[in-house]
Amino acid sequence: MTAWQPIAPPDLADLLRQTRPELDALFALLPAPTAAEAAGHWHGTLMAVRGLGWLPRPLAHGLYRLLALPLNPWRGKSFGGETGANRWFTAHGAAFGRFRVQASASGVDGQPTLLLDYDLPENPAALRPIRGEARRLGDGLLLARMNWQGARGLH
């Protein structure tokens, strides 16, 4: 495993131009934050969606920039100890899509990650298979990926 070195805070526009495989490669290099480091409210930006990789890069870039506008009600995530939630409408807004937070090995690459487990009884059944992972991108920045736990494994 390569030791993590602090990097300059990335430019959001540069991250939005990256493909999902490029974001996955970056994610693989990042360290896991502790639950204490993740505590608080985090503004979020959707940067890639599996299944849209066939789109030409300029079109995909435009789509993700559009999803970063106020028309998308998802604003980010909040973390507090062993729990967290997605935030809607504002960074401190309505909580929907709660998750359990714990240090874990990634189900994708086996490296340390902060696991966001949506398998909670208060969530709708459609959200329960989500297994998110978060890693530290820089000071005050997290990069997260959402995975789907299906009958044939993690996707």
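This is a predicted model: local features need pLDDT of at least 70, side-chain atom pairs count only at pLDDT 80 or more; totals for chains, interfaces and linings use all residues.
Good morning, colleagues. I begin with two strands, E3 (83-88) and E4 (94-105), which pair in the antiparallel sense over 6 bridges. Two strands count as paired if DSSP finds at least two bridges between them.

Residues are numbered from 1 along each chain as its sequence is written, and side-chain values use heavy atoms, with hydrogens and water left out.

Let us return to the strands. Glycine 84 has phenylalanine 99 in E4 as its bridge partner. E3 and E4 form a hairpin with 5 residues between them. Phenylalanine 89 lies in that loop, and its phi is near 80°, a positive value in a residue other than glycine. Most residues other than glycine have a negative phi. Is phenylalanine 89 buried or exposed? At 61% relative accessibility, phenylalanine 89 counts as exposed. On this scale buried means under 20% relative accessible area, exposed means over 50%, and partly exposed lies in between, with a 1.4 Å probe and protein chains only.

E4 also pairs with E5: the two run antiparallel and are joined by 6 bridges. Here serine 104 has threonine 113 in E5 as its bridge partner. E4 and E5 likewise form a hairpin, with 6 residues between them, and glycine 110 in the turn has a positive phi of about 75°.

I turn now to helix H2, residues 20-28, where Leu23, Leu26 and Phe27 are buried. These three residues cover an arc of only 100° around the axis, which puts them on the same side of H2. The arc is taken from the directions from the helix axis to the C-beta atoms. What covers these buried residues? The cover includes helix H1 (12-17) and strands E5 (112-117), E6 (130-138) and E7 (141-150), where contact means heavy atoms within 4.5 Å.

The last topic is charge pairing. How many salt bridges does a search of the whole structure find? The search finds 9, a salt bridge being a side-chain nitrogen of Lys or Arg within 4 Å of a carboxyl oxygen of Asp or Glu. One of them joins arginine 20 to aspartate 24, with the closest N and O atoms 2.8 Å apart. Both residues lie in H2, 4 residues apart, about one turn of the helix. Arginine 20 is partly exposed at 28%, and aspartate 24 is partly exposed at 27%.

Aspartate 24 also meets arginine 145 in a salt bridge, at 3.8 Å from N to O. This pair links distant parts of the chain, with arginine 145 in strand E7 and aspartate 24 in helix H2, 121 residues apart. Arginine 145 is buried, at 12% relative accessibility.

A further salt bridge connects aspartate 117 and arginine 100, whose closest N and O atoms are 3.4 Å apart. Aspartate 117 belongs to E5 and arginine 100 to E4, 17 residues apart. Aspartate 117 is buried at 12%, whereas arginine 100 is partly exposed at 32%. Finally, salt bridges that share partners join Arg20, Asp24, Asp109, Glu133, Arg135 and Arg145 into one network. Thank you for your attention.
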